[in-house]
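Welcome, and thanks for taking a look at this one with us. Please keep the sequence and the 3D view open as you read.

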Amino acid sequence: MLSERSDEYLETLLSDVLEVYGYDFTGYSRASLKRRIVRLYELDRFVSFAEYRYRIKTDAAYFKRFLEQVTINVTEMFRDPAFYSTLRTEILPRLGTYPFIRIWVAGCSTGEEAYSVAIFLKELKLLHKSLIYATDINNTVLENASQAMIPMSKLQLYTENYLSAGGTENFSDYYSANYSLGKLKDELRSKIIFSSHNLVTDNSFNEFQLILCRNVIIYFDRPLQNKVFELFDNSLEKFGYLALGTKESLDFSPVAKNFERLKGEKIWRKIN
């Protein structure tokens, strides 16, 4: 079985993936990464590690499946309503003083967070002068995100989150129902640019007033976390904001001195 020598096999696979495809997972948390790689091995019924490794190295279509399985794509609209309430009442109104607002949603997965931000920008009458860059390492989830479709089965949850976060309109006004899917309004989609970006290997590509990277950093080891925090520091304007997940922190990173934390949610303001 793969699990008998999984640590050795894991390092070999990560080296292959970096060499062949340029995806660097070496700084990811080993425990969760190993679980997902072993799960895929067992799910697709490989008889040996050699076969598994060969398939990943030589079959680009299968590598796409591998990438989908080992990257985390758990998200929802207005996830953590208390955070979105703070975003709506404290952060976005401050950004409204800028002539143009640039926001980066890093590790956007299937786009729910980017669309959530767009909805609150619209309600604050700021969407017309805003642009949201939503990036992810996984091209498949980006394709899904760009379709602006949400499962009808999740709409009750999303509506409850929206209301808890302080939404003031009818959430149903933001989508049209189409059988089992809801199609988000084109006005929201038009203000979001979905593109591939690898936090591990890619550089800064713009200067932003707000960066959201929530529940992504938790899967990185400390050196990689620090590298990504430096990327965010270089990508934020002075007095811009960085928002992280509930279990993530900028504290003790080399760039922490450049930020001050807001009370309450995991939001930092760049001061240097």
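You will find N215 in the loop between β7 (208–213) and α10 (222–235). Helices (H or I, at least four residues) and strands (E, at least two) are DSSP runs, numbered from the N terminus.

Leaving aside residues up to four places away in sequence, N215 touches R79, D80, G245, T246 and E248, where a contact means heavy atoms within 4.5 Å. N215 and T75 are 140 residues apart along the chain, and their C-alpha atoms are separated by 9.1 Å.

## A note on the model

This is a predicted model, in which local features need pLDDT of at least 70 and side-chain atom pairs count only at pLDDT 80 or more, while totals for chains, interfaces and linings use all residues. Residues are numbered from 1 along each chain as its sequence is written, and side-chain values use heavy atoms, with hydrogens and water left out.

## The sheet

Seven strands form an open sheet with mixed pairing, in the order β6-β2-β1-β7-β8-β10-β9. Its edge strands are β6 (192–196) and β9 (259–261), each pairing on one side only. On average, neighbouring strands of this sheet are turned by 20 degrees against each other, direction ignored. Two strands count as paired if DSSP finds at least two bridges between them.

Let's follow β8 (residues 236–244). Seven of its nine residues are buried, so strand β8 is largely enclosed by the rest of the structure. β8 pairs with β7 in the parallel sense over five bridges, and I211 stands opposite L242 in β8. With strand β10 (residues 267–270), β8 pairs in the antiparallel sense over three bridges; here the bridge partner of A243 is I267 in β10.

## Helices on the sheet

β7, α10 and β8 make a right-handed β-α-β unit. Right-handed here means that, with the strands pointing away from the viewer, the path from the first strand over the helix to the second runs clockwise. Helix α10 lies across β1, β7, β8, β9 and β10, running at about 140 degrees to β8. Axes are lines fitted to C-alpha atoms, for helices over the stretch in contact, and angles run from 0 to 180 degrees between N-to-C directions.

Helix α5 (residues 81–95) packs on the sheet as well, touching β1 (101–106), β7, β8 and β10. The direction of α5 makes about 165 degrees with that of β7.

## Cysteines and T135

How many disulfides does a search of the whole structure find? The result is zero, taking a disulfide as a pair of cysteine sulfur atoms within 2.5 Å. The sulfur of C108 has its closest cysteine sulfur in C213, at 10 Å, so the two are too far apart for a bond. C108 is buried, at 2% relative accessibility. C213 is buried too, with a relative accessible area of 0%, and its bridge partner in β8 is L244.

T135 sits in strand β2 (residues 130–136) and counts as buried because its relative accessibility is 1%.

Terms used: Buried < 20%, exposed > 50% of the residue type's maximum accessible area, 1.4 Å probe, protein only.
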